[in-house]
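Hi,

Here is the model I promised to pass on.

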Amino acid sequence: MAEKEMTGSKDGEKHTGYTGAKFGMWFFLMTELIFFGGLFLLYSVYRSTYAADFHIAALDENIVIGSVNTVILITSSFTMALSISAVRKGDNRLSAWLQAGTIAMGCVFLVNKYFEWGDKIGRGIYPNSTLMMQKKKGEMLFYSLYYVMTGIHALHVIIGIGVIGAMLLLTRSGAINSGSFVKLENTGLYWHFVDMVWIYLFPLFYLVT
Amino acid sequence: MEDARSHITGYKTYAYIWACLLLLTGLTVTVAKINFTGFSVLICLVIASIKALLVLMFFMHVRYEGAFLKGVILLTIFTLTAMIGLTFSDVWYR
Amino acid sequence: MNTFYADPGPRRGLAAWMMSTDHKRIGIMYLAALLLFFSIGALLGVLIRLNLISPGTFVQAHNYNRLFTIHGIIMIFLFIIPGIPASFGNFFLPLHIGARDVAFPRINRLSWWLYLAGAVVVLESLFFGGGPLDTGWTFYAPYSIQTRTNVSMAVFGVFILGFSSILTGLNFITTIHRLRAPGMTWHRMPLFAWTLYATGWVQLLATPTIAITLLLVILERFFGLGFFDPSKGGDPLLFEHLFWIYSHPAVYIMVLPAMGIISEVVPVFARKVIFGYRVVAYSALAIASVGYLVWGHHMFTSGMSDTARVVFSFFTFLVAVPSGMKVFNWLGTLYKGSIRLDAPLLFALSFIFLFSVGGLTGLIQSAVATNLHLHSTYWIVAHFHYVMFGGMGFSFLAALHYWFPKMFGRMYRERPAKIGWLVFFLGFNILYFSMFILGYNGMPRRYYDYPPQYFTGQLVSTIGSWVLAAGLIIIFRNLIVAFYRGPKAPDNPWGGSTLEWQVPSPPPRENFEEIPVITRGPYLFE
């Protein structure tokens, strides 16, 4: 099996193959998990130290926007998954539309995020602001965590949108097709991972009781 | 061996999973309004983990992957748990 | 024979190297860069020693802090961590397992570019902003978020280097899983490949922690988040936790491949199959996994809870077990072998000795009670130089002498190599063993000046640094001469039985005319 996939091609990337490419992507996602893990570690320590402060601070979060964004991201994950099945069934047109939908939802998510952040910053809720420095210590740490974690998550969404955009072009050109779709599949894995991170961020920042 | 390669998940399965995820989101928001004292965090995290598991198993096709990839995921989760757990051996007992 | 040097691919000149995806070219470029950074680091080390025989004459107090910081950062992040996997690993892993290249050659090239970019950013930080940083290579908060020196840029450079390291690890794991030649089962793999495999996992699952930690330091400096700032409710100890969650496993990134090289060299020069192949292979995995659970032993005196200190002390003792197994197996291999005492073996044997000294002193300081006395003294400095320099450094030189004929197709002269080794080995022990005594007597590390009772020890240590430097000069002079004027090397000068010795020296562009079919284990000698 291994030998079949690697026989002497001069073009570098073809040395490996479907399984190798997927292994590589999964390994990368595992590093991402540990990367976010460092932040979850900080969150859990500060939440256990400042439980009451976190509760007060979280009252300021807007559950409605948070929930809407969760639904949007889950739905975008759904369309992403569908787009892969579509390509594999040979329907590139449908797949391209589904990918475009995913991108659109990613953008809406970011726009919501923008208004959310903008509103908070407008009211002086950001690290090191005069308002926050007067409040309890845990409250500021909560918002520091909020900005860093949702910020890094949003950065991943932005990167994801870019990559899906590239895949969209490849799908339309036919470079991604029912015989060769590992790039799209790996992009999907990435997008689902970003979705999964949000699945945890949502209760940790919006549903603190 | 290469089930994930040959297996195409149907549109319907994805739709079911999507519906489940939305239901669970609704559930977690509802539950968060009720005060379960210390258990609230736990309940939130359990629901989130169920959602994550659904995404992992179906959207990310882990269900159809070989034992190796499943092992890698478990290993990483274990590593993360060890990192956080050992840190708490300091934080909780300081 | 068409070597990979003669077959540059579609591009010419510098681009034939920089744009190449050939694992051998990438390995050679890494090697050159590593040696450059090693010489800078070593030079700074000699300067540190020079200051300590006459504090104030050569270096001012605040520059001394910068000196040992830069020495540490260059040696750790630019030399030891990428070290063996990036250079010898890149060159020999595909050869060892019978592949034409690594699994993702273009990602391999990206990883090399990231390494260069990271190195440039780190070095730039010396000249821009607040100038060279003075935090020590550990960037401990809260000082690192307060100092006016250019922490942000240096730390960003290390962040980039982290990506390079992750991609190398990812590449190697996939390569070992997917590209082994037919018949190359896991238990027929050379042990160097096994250690690269274990190292790859550590690179993957530990490095992201330092990435996020350093990112937080940068954000902290710009936005005042307060995570590591006690005045804002943050906990600086969490920085130490996060830092060592990576940086302790990183010690194994440094030393595991070094152990792999020893496992290659010892059987070849003892003409015997390795003793306890599976034990040596699995102990690498054991070291890698237990190595995750011991980071707290760097923080015994930082104010950690007693529970944590006991737990981390226990795991630290535990990690010594698989390391000990390896040492016993190397000795078992040498026992009754027909030993040929060439330069590579001399370096390998000194590795075993020096690493044992480093390891056993490590056990002494992993007991919490003794640690309280020894922590932050020269004892610690001596310990980690024995493990890192005596371990990784000697192993690096063993590899360089062992594989030099294969990589460059030329032979070096044996006699100067041996003389160089002797001088280097003596200098090393004079330099660092004095530090054990100084530290045991209470000389704190990172101090620019000291009371007179430490003078003799400091003087001996500094003289040792000169001897060591002389040894290095002899060694590298010999290799440089061989590089330009050495006689042509045969394909298999040492009678090695792993795959890299079955191809011409230097190997052709895609390594093998035809992918070999493997029918036997890696160490069989007639």
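Predicted model: local features only at pLDDT ≥ 70, side-chain atom pairs only at ≥ 80, totals over all residues.

Chain B has a radius of gyration of 17 Å, whereas a compact globule of 94 residues would come out near 12 Å (taken over C-alpha atoms, with the globule rule being 2.2 Å times the number of residues to the power 0.38). Its C-alpha atoms fill a box of roughly 55 × 35 × 10 Å along the principal axes. Chain B has four helices and zero strands, in the order α-α-α-α along the sequence; helices (H or I, at least four residues) and strands (E, at least two) are DSSP runs, numbered from the N terminus. Of the 94 residues in chain B, 44% are buried, where buried means under 20% relative accessible area, exposed means over 50% and partly exposed is in between (1.4 Å probe, protein chains only). Taking contacts in chain B between residues at least 6 apart in sequence, 64% join residues at least 24 apart, a contact being heavy atoms within 4.5 Å.

Some housekeeping before the interfaces. Residues are numbered from 1 along each chain as its sequence is written, chains are lettered from A and ligands numbered from 1 in the order in which they are written, and side-chain values use heavy atoms, with hydrogens and water left out.

**Chain A against chain B**

Here 47 residues of chain A are in contact with 48 residues of chain B. The two chains bury about 4,200 Å² between them, with carbon and sulfur atoms giving 77% of that; buried area is the accessible area (1.4 Å probe) that two parts lose on being put together, summed over both. Trp26(A), Phe78(A) and Arg88(A) supply 15% of the area that chain A buries against chain B, more than any other three residues.

In polar terms, there are five residue pairs in polar contact across this interface, both partners at pLDDT 80 or more. The rule for a polar contact is a pair of N or O atoms within 3.5 Å; within protein, one must be able to donate a hydrogen and the other to accept it, and residues adjacent in sequence count only if both atoms are side-chain atoms. On the side of chain A that touches chain B, α2 (18-49), α4 (63-88) and α8 (182-206) each supply at least two residues, and α2(A) gives the most, with 16 residues. By class, that side has 29 nonpolar, eleven polar and seven charged residues (Ala, Val, Leu, Ile, Met, Phe, Trp, Tyr, Cys and Pro count as nonpolar, Asp, Glu, Lys and Arg as charged, and the others, Gly among them, as polar).

**Chain B against chain C**

This contact takes 14 residues from chain B and 22 residues from chain C. About 1,400 Å² is buried between them, 75% of it on carbon and sulfur atoms. Met83(B), Leu86(B) and Arg94(B) supply 36% of the area that chain B buries against chain C, more than any other three residues. The count of residue pairs in polar contact is four, both at pLDDT 80 or more, and the side of chain B that touches chain C divides into seven nonpolar, four polar and three charged residues.

**Salt bridges**

A search of the whole structure gives eleven salt bridges over all chains, each being a side-chain nitrogen of Lys or Arg within 4 Å of a carboxyl oxygen of Asp or Glu. Glu65(B) lies in the loop between α3 (39-59) and α4 (67-91) of chain B and Lys22(A) in helix α2 of chain A, so this pair joins two chains. Their N to O distance is 2.8 Å. Glu65(B) is buried at 13% relative accessible area, and Lys22(A) is buried at 3%. Lys22(A), Glu185(A) and Glu65(B) are linked in a network of salt bridges.

Between chain B and chain C there is one salt bridge: Asp235(C) with Arg94(B), the closest N and O atoms being 2.9 Å apart. Asp235(C) is buried at 14% relative accessible area, while Arg94(B) counts as partly exposed at 46%.

Cheers
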